Amino acid sequence: KLQRPVVATSGNRSDEPLCTDETEALERLGDIADAFLNHNRPIAHGIDDSIVRVIGGKRTVLRRARGFAPMPLSGPESSSTILALGGHMKNTIALHKGSSTLLSPHIGDLDTLLARESQKKQIKTLEHFHDGRPTIFVCDKHPDYASTKLAKHLDYHALSVQHHYAHVVSCMAEQGLSGPVLGVAWDGTGYGDDGTVWGGEFFEATLVDYTRLAHLRPFALPGGEHAVKEPYRSALALMHTAFDGILPGIPTWQLDPPASAERLEQLVQLLDSNSQVNPCTSAGRLFDGISAMLGPPYIHAYEGQAPMRLEKLAVAARRCMEYTIPIEEEDGALILDWCPMIRSILLNLMERRTQNSIAQGVHRALAQSIVDVALRAGLNNVVLSGGCFQNRLLTEYTISGLQKVGFMVYWHEQVPPNDGGLCLGQAAHAAAYLTKEGI
């Protein structure tokens, strides 16, 4: 009838919870939507669509909502009723009672007041469904997360769980593992035990405790959190580290606006002076930086855009560059040194090698580095978690490489590998830890 395309979508702004009645929709979306399609059936509980991806021949849930939540999962037995508040991004919460963990549907990022109010509503809903009020509260160690602040408000003595360890335990819990395992947690950012940004971590882990065995070589991010949305900053930081601060000139691929030559020089000065920079071991920022080295986007239009482009380039490759990631030992931990790979990539770009072959080589080298750490760690069970394992190519290369040398490999199926699964890890750790302590 309209003689033009019509987009029908759920009612919410980006990063805000769903609208669940007509009045709210008109107030929040009146300046966006051309028309509203209503229904006379009221919505009791707003819930997003779920998102899944087939990885390693199995369904992996990337967003756990309609069709999955609030279906309970089995977990460690506990005499306490535990509320886990999750992280800040892709927030979900969990209520653990007995040996059952009830996860909320996807809530979203907690940057807005509406999202934080939605989280509080979900707490009441879980308490009603589970017929119980929490006696123990669990949160992330990051002091500035909205979920952490809420947990501390509800209980000053709330139990804090390290971000990447919670990732590993979330996969252990859904797969019925108690450990010890080699837990590989690769993601964008998380608050490390040393106060720096972690994100490329290897743990020897049980449900109760962990030891950090290995991590990616640290590098400094100029402007800190700005690098999350501006991958060219990560690219500059990677090259600055790989060439010991002596950059081989400002690469022409970085001269696109808004990264002017003058701006890049300012960022190099920050790196040289080690001021306004945050050290990190983030695999997510490593993917960002390498993707930006190959070309735009230099600024994210949406979360994960640069790594998704890198995966897409690799999938289409007909050839593969060969890169190595040496492993060194420093202060009792294994360090995965990506610097030789960065130097080789820059050389390959100068030689006009295809972006596809470079991207393919990066994925294979990173997967092999995980296998190399596993061989040194000597733990038969390997668990893969964190947002980077939404990347099908990286995950499948890692699974294949580990299985070829005899390891048992576990990856996510029922809860997301991203921060949407953190609450399960927090709840499972708390239940096991409290039981061990006799609480």
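1. Strand 10 (residues 219-222) has Phe 219 and Leu 221 pointing one way and Ala 220 and Pro 222 the other, and all are buried. Buried means under 20% relative accessible area, with a 1.4 Å probe and protein chains only. Strands are DSSP E runs of at least two residues and helices are H or I runs of at least four, numbered from the N terminus.

2. The model is predicted: local features need pLDDT of at least 70 and side-chain atom pairs count only at pLDDT 80 or more, while totals for chains, interfaces and linings use all residues. Residues are numbered from 1 along each chain as its sequence is written, and side-chain values use heavy atoms, with hydrogens and water left out.

3. Strand 10 pairs with strand 11 (residues 277-280) in the antiparallel sense, over four bridges; pairing requires at least two DSSP bridges between the strands. Within this pair, Ala 220 stands opposite Pro 279 of strand 11.

4. The chain contains 13 helices and 15 strands. Of its 439 residues, 54% are buried. Among contacts (heavy atoms within 4.5 Å) between residues at least 6 apart in sequence, 66% join residues at least 24 apart.

5. The radius of gyration is 22 Å, which agrees with the value near 22 Å for a compact globule of 439 residues. This radius is taken over C-alpha atoms, and the globule rule is 2.2 Å times the number of residues to the power 0.38. Along the principal axes, the C-alpha atoms fill a box of roughly 65 × 60 × 45 Å.

Technical notes. Buried means under 20% relative accessible area, exposed over 50%, partly exposed in between (1.4 Å probe, protein chains only).
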